[in-house]
Amino acid sequence: MSQQQRPDNVSIDDIPVDIDNTQSAEVDPADVPDEIESITRGLAGEQPTTNPIVVLKAARWWYIHGKGGTDPAFQWAIEWARHLATDTPSDVERFDEFLDYLVTVGFADERHELR
C-alpha cells in the first residue's frame with residue numbers, strides 16, 4: 001500500500017472511508033468525494049453509467065456515509081445495478097426518492113436541475 005492509513009480514515013481503493021462519519025444520516029455535499037459526486041450525478045442524469053462496478057462503488061460510499069441500507073442514493077444505485085445485471089425495468093418510485101434525496105442533501109435546489 002502506497003498510502004498511509006489512519007485508524008479513522010481507511011480505504012480499499014482511492015475513495016477514503018471516514019470511520020468517524022459513517023452512517024451519520026447527514027451528508028454534507030462538500031464531504032462527498034469528487035468521483036462519488038460525479039457518479040451520483042450521473043445516476044440522476046439522462047444517460048447514467050452502464051458499468052455496474054462503477055455504480056456499486058457509489059452504492060458502497062452512500063451505504064457507509066449515508067443512512068446505511070435505507071439511504072436513497074444507496075438504494076437507487078443498487079436498483080440501477082440490478083437493472084443493468086438483469087435488464088429488467090427499474091423502480092420509478094425509487095428513482096423519484098433518489099432525486100428528492102439529492103435535493104435534500106444539497107446537490108441541487110430542484111429535481112429538474114439534476115436531469
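This is a predicted model: local features need pLDDT of at least 70, side-chain atom pairs count only at pLDDT 80 or more; totals for chains, interfaces and linings use all residues.
Residues are numbered from 1 along each chain as its sequence is written, and side-chain values use heavy atoms, with hydrogens and water left out.

The chain has four helices and two strands. Here helices (H or I, at least four residues) and strands (E, at least two) are DSSP runs, numbered from the N terminus. Read from the N terminus, the order of elements is β-β-α-α-α-α. Of the 115 residues, 37% count as buried; buried means under 20% relative accessible area, exposed means over 50%, and partly exposed lies in between (1.4 Å probe, protein chains only). Contact means heavy atoms within 4.5 Å. Among the contacts in the chain with a separation of 6 or more, 53% are between residues 24 or more positions apart.

Begin with the packing of the helices. Helix 1 (residues 34-44) and helix 2 (residues 52-65) pack at an angle of about 110°, and their axes are 9 Å apart. Helix 1 is therefore roughly perpendicular to helix 2. The axes are lines fitted to C-alpha atoms, for helices over the stretch in contact, and angles run from 0 to 180 degrees between N-to-C directions. Angles under 35 degrees count as roughly parallel, over 145 as roughly antiparallel, 65 to 115 as roughly perpendicular and the rest as oblique. The crossing of helix 1 and helix 2 is left-handed; a crossing is left-handed if the near helix is turned anticlockwise from the far one by less than a right angle, and right-handed if clockwise. On the helix 1 side, the contact is made by Glu35, Ile36, Ile39, Thr40 and Leu43, and on the helix 2 side by Val54, Val55, Lys57, Ala58, Trp61 and Trp62. These residues divide into eight nonpolar, one polar and two charged. In this scheme Ala, Val, Leu, Ile, Met, Phe, Trp, Tyr, Cys and Pro count as nonpolar, Asp, Glu, Lys and Arg as charged, and the others, Gly among them, as polar.

Helix 2 also packs with helix 3, at an angle of about 160° and with axes 8 Å apart. That makes helix 2 roughly antiparallel to helix 3. The crossing of helix 2 and helix 3 is left-handed. Helix 2 contributes Pro52, Val55, Leu56, Ala59, Trp62 and Tyr63 to the contact, and helix 3 contributes Ala73, Phe74, Ala77, Ile78, Trp80, Ala81 and Leu84. By class, the contact of helix 2 with helix 3 has 13 nonpolar, no polar and no charged residues.

Next come the aromatic rings. Rings of Phe, Tyr and Trp (its six-membered ring) pair if their centres lie within 6.5 Å; planes under 30 degrees apart count as stacked, over 60 as edge-to-face and the rest as tilted. By this rule there are eight aromatic pairs. In one of them, the rings of Trp61 and Trp62 have centres 5.1 Å apart and planes at 85°, so the pair is edge-to-face. Trp61 has 5% relative accessibility and counts as buried, and Trp62, at 1%, counts as buried too. Tyr63 and Phe74 form a tilted pair, with 5.1 Å from centre to centre and 55° between the planes. Because Tyr63 lies in helix 2 and Phe74 in helix 3 (residues 72-86), this pair ties together parts that are eleven residues apart in sequence. Tyr63 is partly exposed at 36%, whereas Phe74 counts as buried at 18%. Trp61, Trp62, Tyr101 and Phe107 form one aromatic cluster.

Some single residues remain. Leaving out residues up to four places away in sequence, Phe74 touches Ala59, Trp62, Tyr63, Gly68 and Gly69. Phe74 and Thr40 are 34 residues apart in sequence, and their C-alpha atoms are 9.6 Å apart. Thr40, in helix 1, is buried, with a relative accessible area of 1%. Beyond its neighbours within four places in sequence, Thr40 is in contact with Ala58, Trp62, Phe98, Leu102 and Phe107.

Finally, Asp87 is found in the loop between helix 3 and helix 4 (92-105). Asp87 counts as exposed, at 66% relative accessibility. Its phi is near 55°, a positive value in a residue other than glycine.
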